[in-house]
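Please read them alongside the coordinates.

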Amino acid sequence: MAGCQTLLSPIVSCGPPGVVLSRPVILSMDHCFDACLDNWAVRLKKQNYEGAWEDVLLMGEELVSEPYYCQLEAETCRLFTEQLGTFALVGESLHMGAAKRLRLVLFSDAYCSTLEYNIRVYCMDDTQDVFKVSCYLLSVSSY
């Protein structure tokens, strides 16, 4: 990401990359931003063969002739595509009205013999995948 850009969705990968399908498929991915495009410049990015990220679509300026189309809902983006690969939504706020949903997650030991608990607080994007993966990794890690 460059400049003031922020990741607004999980990185979604389906493949093998570069496969062209005979019919479009719909990829659904959660996002964590206020879905008002007046507040955000949102780009769909795709990872190329060298591993670099390329802008493939600016939300709100889709053309029928482009190989990608995004339908934006309150917490989900549906990507219509004929090409498989690795995708993500990246945004840049246009003014102070731009909002990104975050979730505070607290972790502690399940049981403590004293009244001294260690509490860890994490601030994460409000998407189901980030929450599930982070909870799993934090639960299996040693403190």
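1. Arg-43 is partly exposed, at 26% relative accessibility; the class covers what falls between buried (under 20% relative accessible area) and exposed (over 50%), with a 1.4 Å probe and protein chains only. The model is a predicted one, in which local features need pLDDT of at least 70 and side-chain atom pairs count only at pLDDT 80 or more, while totals for chains, interfaces and linings use all residues. Residues are numbered from 1 along each chain as its sequence is written, and side-chain values use heavy atoms, with hydrogens and water left out.

2. What does Arg-43 form with Asp-55? The two form a salt bridge, with the closest N and O atoms 3.2 Å apart; the term requires a side-chain nitrogen of Lys or Arg within 4 Å of a carboxyl oxygen of Asp or Glu. Arg-43 belongs to strand 4 (residues 40-47) and Asp-55 to strand 5 (residues 53-58), so the pair ties together parts that are 12 residues apart in sequence. Strands here are DSSP runs of E with at least two residues, helices are runs of H or I with at least four, and both are numbered from the N terminus. Asp-55 is also partly exposed, at 43%. Lys-45 joins Arg-43 and Asp-55 in a network of salt bridges.

3. The whole structure holds 6 salt bridges. One of them links the side chains of Asp-126 and Arg-101, at 3.6 Å from N to O. Asp-126 sits in the loop between strand 10 (119-125) and helix 1 (128-140), and Arg-101 in the loop between strand 8 (85-93) and strand 9 (102-108), so this pair ties together parts that are 25 residues apart in sequence. Arg-101 is partly exposed, with a relative accessible area of 24%.

4. Glu-73 and Arg-78 also meet through their side chains in a salt bridge (3.4 Å, N to O). Glu-73 is partly exposed at 29%, and Arg-78 is partly exposed at 27%.

5. An open sheet of 3 strands runs in the order 3-7-6 with antiparallel pairing, where two strands pair if DSSP finds at least two bridges between them. Its edge strands, strand 3 (20-30) and strand 6 (68-72), each pair on one side only. Strand 3 and strand 7 are joined by 7 bridges. Leu-27 has Leu-79, in strand 7, as its bridge partner.

6. Beyond its neighbours within four places in sequence, Thr-76 is in contact (heavy atoms within 4.5 Å) with Ser-28, Met-29, Asp-30, His-31 and Gln-71.
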